[in-house]
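Here is a short briefing to read beside the model on your screen. Have a look at the fold before going through the points below.

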Amino acid sequence: MSIVVTVYVPSGIVMAADSRIIATQREERREKGATLITERQIVVSDNAYKVIDFTRVPAGAATFGTGIIQDQSVDSHIRAFEEEATSKKDTIETIPGKLLNYFQKRFPEIEVGFFMAGFGREDEISVPYVYALNTGPQADVRRINVDDKG
């Protein structure tokens, strides 16, 4: 379980998250004709980076859900994404879709959640943008700090 918080006001954005990664160890064994299943939670790390700032785009991401993919932490994959798939021309409006596509292409069955936040320009005014992303079989990306009117 992760705790991720994103707070935004017109003048600033705050993102925070816990730093613990937990793995579930599952054991099945036969005993007296029945299958017994035991699951234990094991602390993998208390020093994970779940809030990541981008260097090419004035934006950040907070991650939850799966914490390790192919023996690397999710923040390592986000850094690789930034190096391989972004440019200084990207904005907070283009990065969420690119991040979703990056994870879906490489890890289509892995479920990772993200909040992404940054400032975009609307009528020459800086406006906070906050997105929710989910990868895996139920993948989606949506801006969550806007109403039906935009």
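Let's start with a pair of strands: β9 and β10 run antiparallel and are joined by ten bridges. Helices (H or I, at least four residues) and strands (E, at least two) are DSSP runs, numbered from the N terminus, and two strands pair if DSSP finds at least two bridges between them. This is a predicted model, in which local features need pLDDT of at least 70 and side-chain atom pairs count only at pLDDT 80 or more, while totals for chains, interfaces and linings use all residues. Residues are numbered from 1 along each chain as its sequence is written, and side-chain values use heavy atoms, with hydrogens and water left out.

**Strands and hairpins**
- β9 and β10 form a hairpin with two residues between them, and D123 in that turn has a positive phi of about 50°.
- Across this pairing, F114 stands opposite L133 in β10.
- β10 also pairs with β11 (residues 140–143), in the antiparallel sense and over four bridges.
- Five residues lie between β10 and β11 in their hairpin, where G136 in the turn has a positive phi of about 95°.
- Y131 stands opposite R143 in β11.
- Seven of the ten residues of β10 are buried (under 20% relative accessible area with a 1.4 Å probe, protein chains only).

**Nonpolar cores**
- A nonpolar core is a set of buried Ala, Val, Leu, Ile, Met, Phe, Trp, Tyr and Cys residues joined through side-chain atoms within 4.5 Å.
- The largest core has 23 residues, of which F54, F103, F114 and M116 touch the most other members.
- β6, α1, α2 (95–106), β9 (112–122) and β10 (125–134) each give two or more residues to this core, and the largest share, five residues, comes from α2.
- M116 touches, among others, F54, L99, Y131 and L133, not counting residues up to four places away in sequence; contact means heavy atoms within 4.5 Å.
- A second, separate core of five residues includes V4, M15, A62 and V130.

**Largest pocket**
- The largest pocket has a volume of about 210 Å³, the volume being the space filled by probe spheres set on grid points joined across faces, edges and corners.
- On a 1 Å grid over the protein atoms alone, a pocket is an open set of points where a 1.4 Å probe fits, with protein on both sides within 12 Å along at least five of seven lines; lining residues have an atom within 4 Å of a point.
- Of its 17 lining residues, S2, R20, K50, G65 and G67 are the closest to the centre.
- β6 (59–65) supplies the largest share of the lining, three residues.

Conventions:
Buried < 20%, exposed > 50% of the residue type's maximum accessible area, 1.4 Å probe, protein only.
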